[in-house]
There are 2 protein chains.
Amino acid sequence: MSLVLKAVENIPLIQKDDDIADIICKNASDIADKDIIVIASTIVSKSLGLTFREADIIPSAEAERIAASNGKDPRFVQAILDESIEVFTETPFMLVRNKNGHVCINAGIDSSNVGGDLLLKLPEKPDNYAESIGKSIEQKTGKKISVIITDTNGRSFKDGQTNVAIGLYNIKPIRQWIGEEDLYGKVLEISEEAVVDEIAGAANLVMGEGGDGVPVVIVRGLDFYTNEKVSIKEMYRDQEKDLVLQGLLKLKEKKIKNDE
Amino acid sequence: MSLVLKAVENIPLIQKDDDIADIICKNASDIADKDIIVIASTIVSKSLGLTFREADIIPSAEAERIAASNGKDPRFVQAILDESIEVFTETPFMLVRNKNGHVCINAGIDSSNVGGDLLLKLPEKPDNYAESIGKSIEQKTGKKISVIITDTNGRSFKDGQTNVAIGLYNIKPIRQWIGEEDLYGKVLEISEEAVVDEIAGAANLVMGEGGDGVPVVIVRGLDFYTNEKVSIKEMYRDQEKDLVLQGLLKLKEKKIKNDE
């Protein structure tokens, strides 16, 4: 079995209202059934016009309080709060759950690859954009494809970031091995493979992050196509089962108490 | 740019003292300069004879105490303690730092794909085995290659596991984008890409975990070869900088206090 990842070259700098599906179809040399099209959220956000200026934001008292503890601009903190439904850490970095349920630093607000003094937000409902772009590509090509929208995230215990999935179309987030037999015929007790994050990470190896950045990668050779309705949210762990989040909230509680 | 991952088919079930480099070279159709050879730690452990029987372990009082809280067999708990230098959570699962510095569940002890009632430990110094297997492949093929030894791990916030790197040869764990310019010529403030984990995850898509499991994958198309001395440990975050671990230790402290 072999797997091939191919960068879609010559994608122009994306502007508000650009048709991403159209741009992908014009620049991909060929698209086949079961291809998985991995798209950096940056270009989705740009096409949606999700850029903004820090200078235009008026910080709340809460944003001022957090900014005093972490040394960030209170307006930037406010922008993070505006995109978040829960804040797990305030300092030295802000780890939050964003409106779509994704746990990440700074609610995914980014200043790289945007231009000028602009900041860029994540799309609010990435599954929806994965679906609309995917459907449009299917219409233009007549092929059955899947889409993964990605973002770059840090992780616990280890330095460095990896690309992860934040929006899906026609691909389930997890491959279940539960109940299947292992090499010796023993039934695997539990094994759930987060394939969409592995695919997102693989695509990042081809994407790059510098000036030679490529925001679209086509992944061929996997049999993960489904026409069932899917959502990235299926993969987000229930908060009451997440010891890490409970531990972080405990630390935050203690810190706020000490500061008072 | 394109990236190709190819399963090395027909790897036999590995036994103690098997020569993994020899088996890879005999079954890989071709190996080229700069290829990255991804090897599941399971077969490295098997070749080292790191299987053991739970029944042969005598649990300590500490193992009995933890087993009473998490419902696991005290002998299995003892096996985890034997492989760990620190325990971050005791229940419902044991998250530990193993002797090599890797933070993982159950110290990576596994019962899948081993056979009978045997359990399998992770190799104690995976960098060393990556190096010895890599050097042997280089000698047999005359090519300059890199090696990544992998294990499957869960993660914070999200269900599902991904394959990650636990031992390296001739490849740096992190690709630095710091100081490089973005698409608009703005200098990237900080961006460290954990490429070895992205490669490990990508390889897992080809490996599978069931009875059709393939433990060796060749990755071609990346320019990550280095002949500098490398170690996976470069990527392990200092514990005092890791809020997640601090939060987990705080929870554990509170739990033990409550139980007393």
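1. Which residue of chain A forms a salt bridge with Asp197(B), and how far apart are the closest N and O atoms? The partner is Lys158(A), and the closest N and O atoms of the pair are 3.0 Å apart. The model is a predicted one, so that this distance, like the other values in this note, is computed from predicted coordinates.

2. The salt bridge between Asp197(B) and Lys158(A) belongs to an interface across which the rule finds 6 salt bridges between chain B and chain A. For polar contacts, the count between the two chains is 30 residue pairs, with both residues of each pair at pLDDT 80 or more. On the side of chain B that touches chain A, the elements that each supply at least two residues are β1 (2–7), β9 (162–169), β11 (192–193), α6 (195–207) and α7 (243–259) of chain B. By class, that side of chain B has 34 nonpolar, 22 polar and 21 charged residues.

3. As to extent, the contact between the chains takes 77 residues from chain B and 77 residues from chain A. The area buried between chain B and chain A is about 6800 Å², and carbon and sulfur atoms give 57% of that area.

4. The relation between the copies can be stated in terms of a superposition: chain B is placed on chain A by a rotation of 180° with 0.0 Å of shift along the axis, at an RMSD of 0.0 Å. The two copies are thus related as by a two-fold rotation axis. Because 100% of the interface residues of chain B are also interface residues in chain A, the copies meet through the same surface.

5. Within chain A, the domain assignment gives domain 1, made of 4–47 + 123–259, and domain 2, made of 51–122. The C-alpha centres of these two domains of chain A lie 22 Å apart, and their contact takes 25 residues from domain 1 of chain A and 21 residues from domain 2 of chain A. The area buried between domain 1 and domain 2 of chain A is about 1900 Å², of which 54% comes from carbon and sulfur atoms. Glu124(A), Tyr236(A) and Lys252(A) supply 24% of the area that domain 1 of chain A buries against domain 2 of chain A, which is more than any other three residues supply.

6. Which polar pairings are found between the domains of chain A? Across this interface the rule finds 1 salt bridge, together with 6 residue pairs in polar contact, both residues being at pLDDT 80 or more. On the side of domain 1 of chain A that touches domain 2 of chain A, two or more residues come from each of α2 (41–47), β8 (146–153), β9 (162–169) and α7 (243–259) of chain A. The helix α7(A) gives the most to that side, with 6 residues, and by class the side has 10 nonpolar, 6 polar and 9 charged residues. Glu124(A), already named for its share of the buried area, has a side chain that meets the side chain of Lys99(A) in a salt bridge (3.7 Å, N to O).

7. Over all chains the count by this rule comes to 43 salt bridges. One further pair in chain A deserves a mention, namely Arg75(A) and Glu54(A), whose side chains meet in a salt bridge at 3.9 Å, N to O. Arg75(A) lies in helix α4 (residues 74–82) of chain A and Glu54(A) in the loop between β3 (51–53) and α3 (61–70) of chain A, so the pair ties together parts that are 21 residues apart in sequence.

Notes: Residues are numbered from 1 along each chain as its sequence is written. Chains are lettered from A and ligands numbered from 1 in the order in which they are written. This is a predicted model: local features need pLDDT of at least 70, side-chain atom pairs count only at pLDDT 80 or more; totals for chains, interfaces and linings use all residues. Side-chain values use heavy atoms; hydrogens and water are left out. Domain bounds come from an automatic or database domain assignment. Contact means heavy atoms within 4.5 Å. Buried area is the accessible area (1.4 Å probe) that two parts lose on being put together, summed over both. A salt bridge is a side-chain nitrogen of Lys or Arg within 4 Å of a carboxyl oxygen of Asp or Glu. A polar contact is a pair of N or O atoms within 3.5 Å; within protein, one must be able to donate a hydrogen and the other to accept it, and residues adjacent in sequence count only if both atoms are side-chain atoms. Helices (H or I, at least four residues) and strands (E, at least two) are DSSP runs, numbered from the N terminus. Ala, Val, Leu, Ile, Met, Phe, Trp, Tyr, Cys and Pro count as nonpolar, Asp, Glu, Lys and Arg as charged, and the others, Gly among them, as polar. Copies are superposed by least squares on the C-alpha atoms of residues with pLDDT of at least 70 in both.
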